[in-house]
Amino acid sequence: MTKAFAYKSWGLALFSVLVLWGINNLLLGVGAKVMQGNAIVYSCTAFTTGSLILLFYAGPGPLVKESMRSLDTWFYGITLLISYSLSFVLYSYVSSTEGTLLQRFSMIISLLIGWFFLSRRPGLGQVIGAVLVVLGICLIILGISSSIRAMVFLLMTIFSLFLAARIFAAEYHKPHIQAIEKFNYDPKARARVVGCVIFVISTMFALLTFSIAFVQSIGDQSLLIKGLPVLSDFFNTGNIVLGLLAGAFILAPMLVIEFNSSHDIKTESYLALTSLAAVSTWFWESVTSSLTGLSLGSFLATDVVACILITIGGICVAILKPDKDDLDKSELGGYLTREMQDLDAVSETRNIVFYALESYANDMAETAFKLGIPVGVIKAVLKDKSRTLAFSPWILKVVEKNYRNNVANVDVLTGLLNRNAFIAELKEASQKFEELTLLFIDLNKFKPINDTYGHDAGDLVLSGTARRLQKLFKNKSVITRWGGDEFCVLVFDVNKEKVAKKLKYINLILEKPFEYNENLISVSSAIGLASFPEDSGCIESLVSIADARMYQNKNKGFNNDR
Amino acid sequence: MKNIPERRKNYPRLESQLYQLASIDDYIMAENRLDELDRLIEVKEQKKVWKRTIVASLMMTGIFIILAIWGLFR
């Protein structure tokens, strides 16, 4: 992340908490206290217009289907609904100031989740900040009547758990991450995803609110639960209009920023910044009190001290850096990332490293060279007990290409292309070049070498033959070990006659003896030639023709094609 | 459907252009390349889901506005 980008992300998060959160809380208060409306109905209408505005702004495009079908979307929606509902219940036990401050316990929960489950260890400064927040919360809880203290504590804890889960759900929301990675931070793609998420929330919210209002209205009036809506709340024009406007101009940008910030500055920092919400709400209420008619009310001394402690603690957690994990310290952060959700990426990374190591006889330096990564990366993957390390998206493409070229498509013994890769090259070459000549080479009397001197001697002959062929055909050619002691060489843009003239020389080179344990081992070879398109226009049958000719030559006892 | 390369009546367009078109059914009918057809159908599907979401969202907003107006005259 560049510095400019980081500043922008922090600036947006700060703007959201100081301006959008504050104004939203102010409007919520105006709707409830001045317009005598219901806060749940207000939120319900706000979510509806919020989704409409975002979807109109983003327009049709990719990621709509994915967002609507993603479980992450529904998880976010459900956690939001539960946290909203719990906050309303919490506000029925404590004052709005106390409720807002108690909600900051979510920051502590997020720090613990990040630490225990996501390997994001808080730094010392952050721990001190968290202690200040806990002290502030303790002050408020101790000031609450003992008869409701346990209930308030329980509500605060469950609410905080759901709020933290919601922001983590935003941070790891797959379609939103796709909008960032696949569509390069396209604001419209991000808005489209968030629009879909809010649509899901608004639908669930509307159904739930209507159902509650209906049950409350037809049931026994003496059992009405204060704070929950009744049907008449849906006719409160002022509250609904306020909700509709807030949804379009406040909630929509607020949730877009919530998604962006949770990803860009991480959940813990974003929730820590929300500790400023109490101050920003107070600021906007006091600035607009003459307009809105909202009374500011009086604050208890303990509430003021708690507010100061929680705000300072929150700022500490937000600003001070978390403890660098081993990955950052080892400067391998550019190559590897901690992947908590995409387990396929972790598995793919491990598979690439392990298969490559196996192919190169556990030689780390050679494996690292072939994959194009530092040896430290391989060591880090091998030591990764938490199974969370994955190649960074940008390096993965390079590593995959190197793995394909140097491991997956390669014959481990000789270092030549394997049969599948050779066939692919053959097909591609037939589209690029007008003339191709294929040499099918079989080593004579190879089996006795294995039987007499052992497999190590046989391997030496095969790898030695491969090196000689590579020296003979340096340019415009592809070589493979077709199988056993058979090799194929494909020569581009050279006709069969030209190659045939050099067969004697090729045989001469291949027959040179190899030295093994003070023994000289030599093999002769039989070669068959076939050319494209002269012998066959079908590329698949080219190998068969060359193979057949090699056998003819072998049986005749000749070493060349003529 | 057979995959017939190069035998097409329409040239490949940018995805952003496709999303702007009112209907891409004609392109889907004329397209013979499987990969291109897949891309066109994906755009059509995404647009369909977006339209349905917008309509549902508009309806809900409409209901709230009607309720608000109703409340004004109660």
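**Entry 1. The hairpin**

How many residues lie between β4(A) and β5(A) in their hairpin? I looked and found two residues between them. A:Gly484 sits in the turn, and its phi is positive, about 55°.

Some ground rules before I go on. The model is predicted, so I note that local features need pLDDT of at least 70, that side-chain atom pairs count only at pLDDT 80 or more, and that totals for chains, interfaces and linings use all residues. Residues are numbered from 1 along each chain as its sequence is written, while chains are lettered from A and ligands numbered from 1 in the order in which they are written.

I call two strands paired if DSSP finds at least two bridges between them.

β4(A) covers residues 477–483, and β5(A) covers residues 486–492. The two run antiparallel, joined by six bridges. I traced one of the pairs: A:Ser477 has A:Val491 in β5(A) as its bridge partner.

I then checked burial. I count a residue as buried if 20 or more other C-beta atoms lie within 10 Å of its own, exposed if 12 or fewer, and partly exposed in between, with C-beta atoms placed from the backbone. Five of the seven residues of β4(A) are buried, so I put the strand down as mostly covered.

β3(A) spans residues 436–444 and pairs with β5(A) over seven bridges, in the antiparallel sense. Here I noted A:Asp442, whose bridge partner in β5(A) is A:Glu486. I take axes as lines fitted to C-alpha atoms, for helices over the stretch in contact, and angles run from 0 to 180 degrees between N-to-C directions. By contact I mean C-beta atoms, placed from the backbone, within 7 Å.

**Entry 2. Two helices against α11(A)**

I turned to α11(A), residues 237–264. Helix α10(A), residues 187–218, packs with it at an angle of about 115°, and the axes are 10 Å apart.

By class, I get six nonpolar, one polar and one charged. Ala, Val, Leu, Ile, Met, Phe, Trp, Tyr, Cys and Pro count as nonpolar, Asp, Glu, Lys and Arg as charged, and the others, Gly among them, as polar.

α8(A), residues 146–171, also crosses α11(A), at roughly 80°, and the axes come within 7 Å. This pair is roughly perpendicular too. In α8(A), A:Ile167, A:Ala170 and A:Glu171 meet A:Glu258, A:Phe259, A:Ser262 and A:His263 in α11(A). I sorted the residues of this contact into three nonpolar, two polar and two charged.

I also looked up A:Leu207, in α10(A). Is it buried or exposed? A:Leu207 is exposed, with 11 other C-beta atoms within 10 Å. Its C-alpha lies 9.5 Å from that of A:Cys44, 163 residues apart along the chain.

**Entry 3. The chains and their contact**

Chain A has 25 helices and eight strands. Of its 562 residues, 44% are buried. Chain B has three helices and zero strands. Of its 74 residues, 19% count as buried.

The contact of the two takes 24 residues from chain A and 19 residues from chain B. On the chain A side, α2 (39–58), α3 (64–69), α10 and α11 each give two or more residues. α2(A) gives the most, with six residues. That side has 14 nonpolar, nine polar and one charged residues.

Key:
Helices (H or I, at least four residues) and strands (E, at least two) are DSSP runs, numbered from the N terminus. Angles under 35 degrees count as roughly parallel, over 145 as roughly antiparallel, 65 to 115 as roughly perpendicular and the rest as oblique.
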